[in-house]
Amino acid sequence: VDRKKFDSLAQGNTQGIILEVNEYEYKDLKEMDLSLKKVVVLDHLEDPHNFGAIIRTCEASGVKAIIIPKDRSVNVNSTVMKTSTGALEYVDIYEVANLKNALEYLKKNGYFVYGAEADGKLYDTVSYSEKMVLVVGSEGHGLSRIVRDSCDEIISIPMYGHVNSLNASVSFGVLIYGIKN
């Protein structure tokens with residue numbers, strides 16, 4: 001197609017390529033491989049760039065499953081796909097109606113749930129379970145109360161500077177690579 005038509009088909013930097021794809025198909029939690037050693041839960045994450053970066057870090061670190069809530073959360077969209085740079089093809093995303101129920105299901109199947117929050121035990125001083133869930137909260141609010149209450153342990157990253165928090169995807173990267181189990 002000519003340049004004018006091409007530019008009318010998409011917004012942003014296309015790098016000269018436009019591809020139409022079907023909407024992302026989320027997995028059903030009841031079909032998850034319960035022998036996985038690490039599962040990630042994102043508690044109402046809102047930024048598609050953070051989500052894409054977390055997917056990419058999951059794939060690079062060997063994590064195969066991410067659980068997100070159906071409501072009040074970023075979903076898999078074109079920004080997430082682009083930011084994940086292909087990693088979305090290797091990490092399953094499970095969308096659930098209720099995070100508390102999802103965490104209870106995982107606990108019943110042998111997982112120990114660690115929530116990332118500023119006031120927890122320093123992550124590098126904790127002995128981790130063989131089967132674990134790492135829960136990361138939203139950018140502005142952290143963990144919701146109900147999800148925090150569902151965690152078995154709260155862990156945190158030490159902060160030595162003047163700022164009191166890190167970007168959600170940066171925090172996730174520090175934790176997923178720093179947790180030894």
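Me: How do you know that the span of helix α2 (residues 48-61) agrees with its number of residues?
Reply: In this predicted model, local features need pLDDT of at least 70, side-chain atom pairs count only at pLDDT 80 or more, and totals for chains, interfaces and linings use all residues. Residues are numbered from 1 along each chain as its sequence is written, and side-chain values use heavy atoms, with hydrogens and water left out. A helix is a DSSP run of H or I with at least four residues, and its expected span is 1.5 Å times one less than its number of residues. The 14 residues of α2 should therefore span 20 Å, and the end C-alpha atoms are 20 Å apart, which agrees.

Me: Why is Tyr-24 counted as buried?
Reply: Buried means under 20% relative accessible area, exposed means over 50%, and partly exposed lies in between (1.4 Å probe, protein chains only). Tyr-24 has 19% relative accessibility, so Tyr-24 counts as buried, whereas Tyr-26, with a relative accessible area of 25%, is partly exposed.

Me: What makes the pair of Tyr-24 and Tyr-26 edge-to-face?
Reply: Rings of Phe, Tyr and Trp (its six-membered ring) pair if their centres lie within 6.5 Å, and planes under 30 degrees apart count as stacked, over 60 as edge-to-face and the rest as tilted. The structure holds 3 aromatic pairs. The ring centres of Tyr-24 and Tyr-26 are 5.1 Å apart and their planes stand at 75°, so this pair is edge-to-face.

Me: Which residues of α2 are buried?
Reply: Among them are Phe-51, Ile-54 and Ile-55, and what covers the buried residues of α2 includes β1 (38-43) and α6 (168-178).

Terms used: Helices (H or I, at least four residues) and strands (E, at least two) are DSSP runs, numbered from the N terminus. Contact means heavy atoms within 4.5 Å.
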